[in-house]
Amino acid sequence: FVYIAEDEGLSVEFFVPEHRIAKIAPGATMRVRLADDERRSDAKVTAIAPFPQEIGFLRGDDELPDAREKAFQVTAELVDPPPLMQSGIEVRVEPASVSP
């Protein structure tokens, strides 16, 4: 049996290079935007994977140019996302301290 429930919230999953993970912690605020839009929304980091993985493994493509680089998988919950942000779309993520 499977139960499907509607989820009111949206989260974003992104990858942080191994050498930059020290700058991000659970509770940190990130800025999220659509690839073709300058408007940004806040997202709070909720989880960071305990160890890095190769980008090729995380993205499911060992042919990527950076497939052997290691990165941490990070999840952040969007705070009051605009209507255009929906599940399954590609977004850009940056630290909140970066100005538009």
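The questions below go through the labels of this predicted model one by one.

Q: What makes up the secondary structure of the chain?
A: The chain has 1 helix and 6 strands. From the N terminus on, the order is β-β-β-β-α-β-β.

Q: Why is Ser 41 called buried?
A: Its relative accessible area is 8%. Buried means under 20%, so Ser 41 is buried. The residue is found in strand S3, residues 41-48.

Q: Which residues does Ser 41 touch, not counting those up to four places away in sequence?
A: Ser 41 touches Met 30, Arg 31, Val 32, Leu 78, Pro 81, Pro 82 and Met 85. A contact needs heavy atoms within 4.5 Å.

Q: How much of the chain counts as buried?
A: Of the 100 residues, 27% do.

Q: What makes a set of residues a nonpolar core, and how many residues does the largest one have?
A: Its members must be buried, be of listed types such as Val, Leu and Phe, and be joined through side-chain atoms within 4.5 Å. The largest such set here has 16 residues. Phe 14 and Leu 78 have the most contacts inside this core. Strands S1 (11-17), S2 (29-34), S3 and S5 (70-78) each give two or more residues to this core. S5 gives the most, with 4 residues. In soluble globular proteins, nonpolar side chains tend to be buried together.

Q: What does Phe 14 touch beyond four places in sequence?
A: Phe 14 touches Ile 24, Met 30, Phe 72, Gln 73, Val 74, Ala 76 and Val 93.

Q: What share of the contacts with a separation of 6 or more joins residues 24 or more positions apart?
A: That share is 64%.

Q: How much space lies in the largest pocket, and which residues are closest to its centre?
A: The largest pocket holds about 900 Å³. Its lining has 31 residues, and the closest to the centre are Glu 13, Phe 14, Phe 15, Val 91 and Val 93.

Q: Which elements supply the lining of the largest pocket?
A: S1, S2, helix H1 (55-59), S5 and strand S6 (91-95) each supply at least two residues. S1 gives the most to this lining, with 7 residues. By class, the lining has 17 nonpolar, 4 polar and 10 charged residues.

Q: Why is the pair of Arg 31 and Asp 42 called a salt bridge?
A: The closest N and O atoms are 2.3 Å apart. The cut-off is 4 Å between a side-chain nitrogen of Lys or Arg and a carboxyl oxygen of Asp or Glu. The pair therefore qualifies as a salt bridge. Arg 31 lies in S2 and Asp 42 in S3, so the pair ties together parts that are 11 residues apart in sequence.

Q: Why is Asp 42 called partly exposed?
A: Its relative accessible area is 31%. Buried means under 20% and exposed over 50%, with partly exposed in between. Asp 42 is therefore partly exposed.

Q: What makes Glu 54 and Arg 68 a salt bridge?
A: Their side chains meet at 2.9 Å, N to O. The limit is 4 Å, so the pair counts. Glu 54 lies in strand S4 (residues 53-54) and Arg 68 in the loop between H1 and S5, so parts 14 residues apart in sequence are tied together. Glu 54 is partly exposed, at a relative accessible area of 27%.

Q: How do you know that Arg 92 and Glu 90 form a salt bridge?
A: Their closest N and O atoms are 3.7 Å apart. That falls within the 4 Å limit, so the pair counts. Arg 92 is partly exposed at 40% relative accessible area. Glu 90 has 59%. Exposed means over 50%, so Glu 90 is exposed.

Q: How many salt bridges does the structure hold, and which residues do shared partners join into one network?
A: The structure holds 5 salt bridges. Glu 54, Asp 62 and Arg 68 are joined into one network.

Q: What makes the phi of Asp 80 worth a remark?
A: The angle is near 50°, a positive value in a residue other than glycine. Most residues other than glycine have a negative phi. Asp 80 lies in the loop between S5 and S6. At 70% relative accessibility, Asp 80 counts as exposed.

Key
Residues are numbered from 1 along each chain as its sequence is written. This is a predicted model: local features need pLDDT of at least 70, side-chain atom pairs count only at pLDDT 80 or more; totals for chains, interfaces and linings use all residues. Side-chain values use heavy atoms; hydrogens and water are left out. Buried means under 20% relative accessible area, exposed over 50%, partly exposed in between (1.4 Å probe, protein chains only). On a 1 Å grid over the protein atoms alone, a cavity is a set of points where a 1.4 Å probe fits but cannot get out, and a pocket is an open set with protein on both sides within 12 Å along at least five of seven lines; lining residues have an atom within 4 Å of a point. Grid points are joined across faces, edges and corners, and a volume is the space filled by probe spheres set on the points. Ala, Val, Leu, Ile, Met, Phe, Trp, Tyr, Cys and Pro count as nonpolar, Asp, Glu, Lys and Arg as charged, and the others, Gly among them, as polar.
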